[in-house]
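Q: Please take a close look at one part of this model and describe its surroundings.

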Amino acid sequence: MPDTAQLQPLAPAGSCRGSCNLRAARALAAHRQALEEHADAVDRWYAAGGSEQEFPPEPEAPRVRFWPGNPLFCGRCVANARRTLLDLDVLASQLAATADGHRGRAADAGEGRVSGTKTRPSVSPVTDVLDRLVGDLFDVEDEWRSLRGYPGRPSNGGRGAHPRSRTIGWLAERLEDILAHEDMAGLPRQLSNWDRVLRHLAKDDRASTNSPVRCACGERNVGWDDELHYYRCRSCGTLLNQDEHDHQVHEQADAAEARAGQGRATYQPV
Ligand SMILES: [Zn+2]
Ligand SMILES: [Zn+2]
């Protein structure tokens with residue numbers, strides 16, 4: 001299925017480049033396809049003499065709404081990208097801790113090692129993935145520094161947790177500026193891809209769990225949409241970014257608690 005970048009030419013100028021517009025752009029793409037098929041059907045209708053059959057009905061234009069970018073991405077997509085970026089640090093730390101745990105157990109078991117035997121250092125797939133993540137993040141920081149003419153990234157050659165957190169913090173602080181630059185428009189997608197990779201490794205499948213949030217439409221049918229990288233109401237299509245979603249979870253839990261409190265008060269003996 002085509003993604004936001006491929007569908008961008010169909011969106012009105014100034015639309016957000018983020019995934020908030022993906023479904024609208026797909027609806028337009030499907031309509032364009034239907035119009036082409038309609039034109040062919042009309043040609044066949046003329047070729048067949050025109051009068052025998054009914055004139056092919058024209059496909060109905062979809063009613064779609066595009067969110068504007070400010071300038072390239074809307075505020076919700078920027079907030080979602082920032083949250084994804086910050087979550088990468090948390091996910092990476094958790095994965096690194098698990099990988100270390102496994103290594104520790106293997107070493108404890110001794111594995112019949114004879115003293116003096118050279119053992120090849122085993123690199124776990126997690127370590128390898130985290131190393132590539134850090135490399136990617138460094139590249140983004142380097143690119144932004146060079147676009148802005150900033151001095152080079154401070155580096156002691158390390159690629160561990162500390163340099164990773166530093167680069168993530170540095171990028172998060174400047175993310176709004178970064179995402180206003182045409183050359184960096186691919187970053188939100190790159191971040192959500194990394195998020196998917198790390199969650200897959202951590203066996204954390206958000207898409208399979210239902211959210212407790214009740215949507216403004218009244219339905220409790222909100223779930224994580226892994227492709228859009230947004231929470232989405234399956235009944236009305238409303239999108240919630242991660243911060244909006246978590247905020248609603250808390251608000252609704254508070255409201256439920258307040259209601260329960262009132263209920264108790266009502267049944268108190270007078
Ligand atoms: Zn957006
Ligand atoms: Zn809804």
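Where is the place of Pro12?

A: Pro12 sits in the loop between helix H1 (4–7) and helix H2, helices being DSSP runs of H or I of at least four residues, numbered from the N terminus. The model is predicted, so local features need pLDDT of at least 70 and side-chain atom pairs count only at pLDDT 80 or more, while totals for chains, interfaces and linings use all residues. Residues are numbered from 1 along each chain as its sequence is written, and chains are lettered from A and ligands numbered from 1 in the order in which they are written.

Pro12 is exposed because 11 other C-beta atoms lie within 10 Å (12 or fewer count as exposed, 20 or more as buried, with C-beta atoms placed from the backbone). Ala25 is 13 residues from Pro12 in sequence, and their C-alpha atoms are 9.4 Å apart in space. Ala25 is buried, as are Leu22 and Ala24 in H2.

H2 covers residues 22–47, 26 residues in total. From its first C-alpha to its last H2 reaches 38 Å, close to the 38 Å expected at 1.5 Å a residue (1.5 Å times one less than the number of residues). After H2 comes Gly49, with a positive phi near 100°.

Elsewhere, the axes of H4 (residues 125–148) and H6 (residues 187–201) come within 11 Å and cross at roughly 165°. H4 and H6 are therefore roughly antiparallel to each other (an angle over 145 degrees, between N-to-C directions of lines fitted to C-alpha atoms over the stretch in contact).

Terms used. Axes are lines fitted to C-alpha atoms, for helices over the stretch in contact, and angles run from 0 to 180 degrees between N-to-C directions. Helices (H or I, at least four residues) and strands (E, at least two) are DSSP runs, numbered from the N terminus. Angles under 35 degrees count as roughly parallel, over 145 as roughly antiparallel, 65 to 115 as roughly perpendicular and the rest as oblique.
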